[in-house]
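Morning, everyone. Please have a look at the structure on the screen. I'll talk about charged side chains.

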Amino acid sequence: MARLLAGAQLNKFSGLLILAALIIVFGLLRPETFLTLANARSILATQAIVAVLAIGLLFPLAAGAFDLSAAQNLGFSAVLCGVLLTKQDLPVPLAILVTLVVGGVIGAFNGFLVAVIGIDSFIATLGTTSLLLAGSQILAEGAFIGPLDDSFLAITDQKVFTLPIIVLYVAVLALLAWYVIEHSPLGRRIYATGANPEAAHLSGVATKRLVFFSLVTSAVVASAAGVLLASTLGSVSESIGPEYLLPAFAAVFLGTTQLKPGRFNVGGTLIAILLLGTGVAGLQLLGAPIWVTALFNGIALIVAVGAVLMVKRVQERRAVRRAAQAARQVAASTPVASTTA
């Protein structure tokens with residue numbers, strides 16, 4: 001069955017088929033609330049922050065590194081931006097710029113730990129997560145920060161063609177990431193680094209620089225997500241952020257089963273986000289308890305990683321068999337030198 005799954009072209013679009021099935025099922029069960037334009041807008045707007053965070057995570061994951069600090073970076077950036085606006089009275093553009101610069105510094109710190117010192121990215125970014133949590137608590141001082149200025153809220157409180165403008169932000173970011181990571185020389189080198197860092201290094205690829213760059217990119221995008229989240233909520237606290245980690249990672253890994261199986265890609269990630277968002281929204285409309293969201297995302301992550309490993313193993317076996325078959329064909333076509341007594 002695994003071989004059929006790996007070989008079938010239909011598997012590349014299975015997420016869209018599952019999404020259609022969910023829409024049909026929930027539409028039949030709750031037609032008056034689920035099959036509405038308002039619900040569709042709600043799903044898109046709710047998943048926008050997860051989408052931004054997930055797109056940023058694509059870069060280090062494609063380069064073979066983990067950024068577990070991304071979600072806490074999101075929360076820290078939201079708090080920092082709120083503090084700059086309310087306590088420091090900075091203009092909105094300057095507060096956003098400072099927040100993004102600090103996000104870049106956080107990414108550079110991660111890159112230094114991983115690419116320069118050589119600490120495993122899982123451990124390094126986990127440690128950074130704890131530091132950022134402490135930073136959020138210091139800045140917030142145990143209180144909510146807000147309400148934030150209306151000019152800041154206007155960043156996300158608008159519509160474009162009846163859609164929340166934050167959806168447009170996600171689309172622009174997705175297009176940019178799609179081009180850079182999937183259709184540029186830089187993206188090819190990032191993929192090469194993640195696939196086989198030693199071979200990429202021997203081929204002249206600056207693997208350490210690419211890992212450093214990917215972690216900085218992830219951190220800046222996470223900071224941007226924090227700014228957008230603060231603008232969406234209107235007030236922030238030190239506890240926001242961590243709840244976005246699991247949905248973002250679930251979407252990224254589930255996305256590797258779509259469009260380009262076994263490879264981190266933007267299109268597959270967006271399909272996964274829509275799939276997860278639709279499933280969660282449908283269950284909530286059916287009256288499911290609040291813990292169902294975490295359960296749904298956790299199961300999705302486990303299934304996604306398991307499917308990726310299964311497909312990868314089947315592909316590796318096929319590659320070995322093709323190589324062996326080619327060797328036999330070469331041996332069969334090579335004339336055997338005759339020997340004389």
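First, a term: a residue counts as buried when its relative accessible area is under 20%, and as exposed when that area is over 50%. Partly exposed is in between. Also, keep in mind that this is a predicted model.

How many salt bridges does a search of the whole structure find? Two.

Take Lys260 and Glu182. Their side chains meet in a salt bridge, 2.8 Å from N to O. Where do they sit? Lys260 lies in the loop between helix H12 (245-255) and helix H13 (266-285). Glu182 is in helix H8, residues 165-183. So the pair ties together parts that are 78 residues apart in sequence. Is Glu182 buried or exposed? Buried: its relative accessible area is 11%, and the cut-off is under 20%. Lys260 is partly exposed, at 29%.

Now the other pair. Lys87 forms a salt bridge with Glu141, and their closest N and O atoms are 3.6 Å apart. This pair links distant parts of the chain, 54 residues apart. Lys87 is in the loop between helix H4 (70-86) and helix H5 (92-117). Glu141 is in the loop between helix H6 (121-140) and helix H7 (150-153). Glu141 is exposed, with a relative accessible area of 63%. Lys87 counts as partly exposed, at 44%.

Last stop: the surface. Which residues form a positive surface patch? Arg313, Arg317, Arg321 and Arg322. Look at Arg317. You'll find Arg317 in helix H14, residues 291-333. Its relative accessibility is 45%, so Arg317 counts as partly exposed.

That's my tour. Thanks.

Key. Residues are numbered from 1 along each chain as its sequence is written. This is a predicted model: local features need pLDDT of at least 70, side-chain atom pairs count only at pLDDT 80 or more; totals for chains, interfaces and linings use all residues. Side-chain values use heavy atoms; hydrogens and water are left out. A salt bridge is a side-chain nitrogen of Lys or Arg within 4 Å of a carboxyl oxygen of Asp or Glu. Helices (H or I, at least four residues) and strands (E, at least two) are DSSP runs, numbered from the N terminus. Buried means under 20% relative accessible area, exposed over 50%, partly exposed in between (1.4 Å probe, protein chains only). Patches are made of residues with over 30% relative accessible area and no salt bridge: like charges are joined within 9 Å, nonpolar side chains (Val, Leu, Ile, Met, Phe, Trp, Tyr) within 5 Å. Accessible areas come from the Shrake-Rupley method with a 1.4 Å probe; for residues, only the protein chains shown count as cover. Lys and Arg count as positive and Asp and Glu as negative; His and the chain ends are not counted. The place of a charge is taken as NZ of Lys, CZ of Arg, CG of Asp or CD of Glu.
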